[in-house]
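This report covers selected local features of a two-chain model. Have the sequence and the coordinates open while you read.

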Amino acid sequence: MSNQPLRRKVVVSNPQGLHMRPARLLVEQAALFQAKITLWKDEEPADCESFLSLMTLGAECGTELCLTVEGSDAEQAVEAIVKLFDNGFYEPEGAESE
Amino acid sequence: MKFSDFISVPAIRSELTSDDKEAVISELVQSLLDAGEINAEEKDDIVAAIMKREELGSTGIGRGVAVPHTKHPSVNKLVGTVGVSGDGVDFESLDGERVQLFFLLVSPPERPGDHLRALENISRQLRDDAFCRFLKQSKTTDDIKQLLDEADNNQFAS
């Protein structure tokens, strides 16, 4: 458990940015892991298990965030979170994707 | 972005009377109409769009708070209102709690950044328990406006 936290850069790639639905998806994913998952925008941390915390990032499309994950299942957690970012939170293109 | 940048003060409602989801959304959209923020002929369409968004997952975010919202081409800037319901409304929130405090937002489709900055501001302030509690206890529009002003002046969350 004394391992260094894993770090990855992730980029918000969906046009609508990290709005409420992507934040929900992140919270749901984070809850599946024991690891502590944090997203950083510059120096500002957001607890990935807290919806309000994620929303305060105000991360628009193109924003680069730093993901840090610490815990016994950190590797799996990183994989799951990175996948959400890489797939643009599975949002369809267009105005309906609120 | 501050509350004063997007909350229409004449649309603030301190005593919502509706007791179900669609009715309270309609009541809040009507408040924007009464305040001259949206056009009368768009009201039904805006209510329908907000309900459609709710079908994707409730915007009841817990703590007795909901942020119903939609994009709509009839507005050329982000407009929003705040409503307080004394008894609360069943909004199918994730935590199952009734919603007493509503922030309703209508934004132009081509401005996703403004929507995010409004959500960012609302979320930041709601993390302060006192702000949340005082808003729910507000009895008048002036009470609400004063709390929003204080939040804008950084008297709650950092």
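## A loop residue with positive phi

Glu92(B) sits in the loop between strand 4 and strand 5 of chain B. Strands (E, at least two residues) and helices (H or I, at least four residues) are DSSP runs, numbered from the N terminus. Phi of Glu92(B) is near 55°, a positive value in a residue other than glycine. Most residues other than glycine have a negative phi. Glu92(B) counts as exposed, at 55% relative accessibility. Exposed means over 50% relative accessible area, buried under 20%, and partly exposed in between (1.4 Å probe, protein chains only).

Arg63(B) has a positive phi too, near 60°. Its place is the loop between strand 1 (60–62) and strand 2 of chain B. Arg63(B) is partly exposed, with a relative accessible area of 36%.

## Basis of the values

This is a predicted model, in which local features need pLDDT of at least 70 and side-chain atom pairs count only at pLDDT 80 or more, while totals for chains, interfaces and linings use all residues. Residues are numbered from 1 along each chain as its sequence is written, chains are lettered from A and ligands numbered from 1 in the order in which they are written, and side-chain values use heavy atoms, with hydrogens and water left out.

Strand 5 of chain B spans residues 99–107. Eight of its nine residues are buried. Strand 4 of chain B covers residues 79–89. It pairs with strand 5 of chain B in the antiparallel sense, over seven bridges. Pairing here requires that DSSP finds at least two bridges between the strands. Val84(B) stands opposite Leu101(B) of strand 5.

Two further pairings of strand 5 in chain B are parallel. Strand 2 (residues 65–66) of chain B joins strand 5 over two bridges in the parallel sense. There, Ala66(B) has Phe102(B) as its bridge partner. Strand 3 (residues 69–71) of chain B also runs parallel to strand 5, with three bridges. The bridge partner of His69(B) is Leu105(B).

## A negative patch on chain B

Which residues gather in a patch of negative charge on the surface? They are Asp19(B), Asp20(B), Glu22(B) and Asp87(B). Patches are made of residues with over 30% relative accessible area and no salt bridge; like charges are joined within 9 Å, and nonpolar side chains (Val, Leu, Ile, Met, Phe, Trp, Tyr) within 5 Å. Asp and Glu count as negative, Lys and Arg as positive; His and the chain ends are not counted. Asp87(B) lies in strand 4 of chain B. Asp87(B) is exposed, with a relative accessible area of 71%.

## Salt bridges

The count comes to 12 salt bridges over all chains. A salt bridge is a side-chain nitrogen of Lys or Arg within 4 Å of a carboxyl oxygen of Asp or Glu. Arg21(A) forms one with Glu91(A), the closest N and O atoms being 3.9 Å apart. This pair links distant parts of the chain, 70 residues apart: Arg21(A) is in helix 1 (residues 20–30) of chain A, and Glu91(A) is in the segment after helix 3 (74–86) of chain A. Arg21(A) is partly exposed at 23% relative accessibility. Glu91(A) is buried, with a relative accessible area of 14%.

In chain B, Asp34(B) and Arg13(B) meet in a salt bridge (3.7 Å, N to O). They too link distant parts of the chain, 21 residues apart: Asp34(B) belongs to helix 1 (residues 21–34) of chain B, and Arg13(B) to the segment before helix 1. Asp34(B) is exposed at 52%, and Arg13(B) is partly exposed at 24%. Lys145(B) and Asp149(B) form a salt bridge with an N to O distance of 2.7 Å. Both lie in helix 5 (residues 141–152) of chain B, four residues apart, about one turn of the helix. Glu60(A), Arg111(B), Asp114(B) and Arg117(B) are joined into one network by salt bridges that share partners.

## A hairpin in chain A

Strand 2 (residues 36–41) and strand 3 (residues 44–47) of chain A run antiparallel, joined by four bridges. Lys41(A) has Glu44(A) as its bridge partner in strand 3. The two strands form a hairpin with two residues between them. Asp42(A), in the turn, has a positive phi of about 55°.

Methods. Accessible areas come from the Shrake-Rupley method with a 1.4 Å probe; for residues, only the protein chains shown count as cover. The place of a charge is taken as NZ of Lys, CZ of Arg, CG of Asp or CD of Glu.
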